[in-house]
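Here's a quick briefing to read alongside the model. Have the sequence and the coordinates open as you go.

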Amino acid sequence: MNGMELSARQEEIVSIVKENGPITGEHIADRLKLTRATLRPDLAILTMAGFLDARPRVGYFYTGKTSNELLTHNIKKMKVSEHFSVPVVVNEHVNVYDAITTMFLEDVGTLFVVDEHSHLQGVLSRKDLLRASLGQQSLQEVPVHIIMTRMPMIKVCKKEDLLIDTANKLIENQIDALPVVQEKDEGLEVIGRVTKTNITRAFVELVKED
Ligand code: ADP
């Protein structure tokens with residue numbers, strides 16, 4: 001759907017609307033000698049992709065967007081809510097050794113640190129844990145809250161945010177992941193994570209035919 005390749009029929013619809021718009025779905029169907037129902041999926045795709053716009057009781061018209069504008073249109077439709085992953089969290093009193101073990105077992109590069117109320121307190125990256133491992137102290141004796149990056153320094157995002165805005169935050173702050181949070185009375189509840197992998201996957205999806 002996000003792919004810019006149109007089927008022959010879709011191309012035909014676009015050119016009919018370009019020349020005759022605004023035009024109703026009914027009239028497009030007549031011209032193509034198809035039923036309105038047969039045409040419905042194509043019209044939905046063309047509208048979603050931004051080629052056409054629909055006005056109630058007026059009909060379809062050609063938006064005239066360039067392919068660059070269409071790409072922007074499609075990127076700006078991508079929300080965190082459709083692209084985030086499950087978060088992996090550890091309690092702030094967990095020791096560094098156990099946090100490293102969790103990172104391996106859960107196969108993630110960033111852990112979020114929470115208190116007993118599940119509120120966000122900090123972030124642990126791979127390098128945070130590597131750095132702690134270079135110290136003299138036994139890793140079992142160092143709680144993660146000593147070494148983590150802590151609130152209020154943590155960059156976060158919300159489910160409603162645009163994915164492109166989270167990508168910008170990752171770049172600007174030179175970090176790999178953002179916790180997806182929900183505001184609570186007493187703090188921020190961690191409900192997900194957005195990582196460079198999510199962004200890469202979304203980027204690939206943008207050109208995938210489906
Ligand atoms: P790594 O350190 O493994 O390359 P990052 O680039 O994600 O991974 O982390 C760099 C530093 O930024 C670390 O000290 C980490 O604690 C911190 N950090 C990671 N994610 C965030 C975030 N969402 N908000 C604030 N700081 C973060």
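Where is Arg 57 found? Arg 57 sits in the loop between strand 1 (52-55) and strand 2 (59-62); helices (H or I, at least four residues) and strands (E, at least two) are DSSP runs, numbered from the N terminus. Bear in mind that this is a predicted model, where local features need pLDDT of at least 70, side-chain atom pairs count only at pLDDT 80 or more, and totals for chains, interfaces and linings use all residues. Residues are numbered from 1 along each chain as its sequence is written, and side-chain values use heavy atoms, with hydrogens and water left out.

**Overall build**

- The chain has nine helices and eight strands.
- Its radius of gyration is 24 Å, well over the 17 Å that the globule rule gives for 210 residues, so the chain is more spread out than a compact globule. (That radius is taken over C-alpha atoms, and the globule rule is 2.2 Å times the number of residues to the power 0.38.)
- The C-alpha trace spans about 80 × 35 × 30 Å along its principal axes.
- There are two domains to keep apart in your head: domain 1 (8-65) and domain 2 (80-205), with bounds that come from an automatic or database domain assignment.
- The C-alpha centres of domain 1 and domain 2 are 45 Å apart.
- Buried residues make up 38% of the 210 residues in the chain. (Buried means under 20% relative accessible area, exposed over 50%, and partly exposed in between, with a 1.4 Å probe and protein chains only.)
- Of the contacts in the chain with a separation of 6 or more, 58% come from residues 24 or more positions apart; contact means heavy atoms within 4.5 Å.

**The largest pocket**

- About 470 Å³ of space lies in the largest pocket. (On a 1 Å grid over the protein atoms alone, a pocket is an open set of points where a 1.4 Å probe fits, with protein on both sides within 12 Å along at least five of seven lines; lining residues have an atom within 4 Å of a point. Grid points are joined across faces, edges and corners, and a volume is the space filled by probe spheres set on the points.)
- The largest pocket is lined by 17 residues, and Val 123, Ser 125, Gln 174, Ile 175 and Asp 176 lie nearest its centre.
- Strand 5 (120-125), helix 6 (126-133) and strand 7 (177-184) are the elements that give two or more residues to this lining.
- Helix 6 has the largest share, with four residues.
- By class, this lining has six nonpolar, five polar and six charged residues. (Ala, Val, Leu, Ile, Met, Phe, Trp, Tyr, Cys and Pro count as nonpolar, Asp, Glu, Lys and Arg as charged, and the others, Gly among them, as polar.)

**The second largest pocket**

- Here the space is about 260 Å³.
- Its lining has 16 residues, of which Val 108, Gly 109, Arg 193, Thr 195 and Thr 197 lie nearest the centre.
- Strand 4 (110-114), strand 8 (187-195) and helix 9 (196-205) each supply at least two lining residues, and helix 9 gives the most, with four.
- This lining divides into three nonpolar, seven polar and six charged residues.

- Most residues other than glycine have a negative phi, and most peptide bonds are trans.
- Arg 57 has a positive phi of about 65° although it is not a glycine, and Arg 57 is exposed, with a relative accessible area of 85%.
- Gln 174 also isn't a glycine, yet its phi is positive, near 50°. Gln 174 lies in the loop between helix 8 and strand 7 and counts as exposed at 75% relative accessibility.
- A cis peptide bond joins Gly 21 and Pro 22, with omega about -5°; Pro 22 lies in the loop between helix 1 (8-20) and helix 2 (25-32).
- The bond from Met 151 to Pro 152 is cis too, with omega near 5°. Pro 152 has its place in the loop between strand 6 (149-150) and helix 8 (163-173).

- Lys 184 lies in strand 7 and counts as partly exposed, at 43% relative accessibility.
- Leaving aside neighbours within four places in sequence, Lys 184 is in contact with His 119 and Glu 189.
- Gln 136 is in the loop between helix 6 and helix 7 (144-147), and counts as exposed at 80% relative accessibility.
- Gln 136 and His 119 are 17 residues apart in sequence and 30 Å apart in space, C-alpha to C-alpha.
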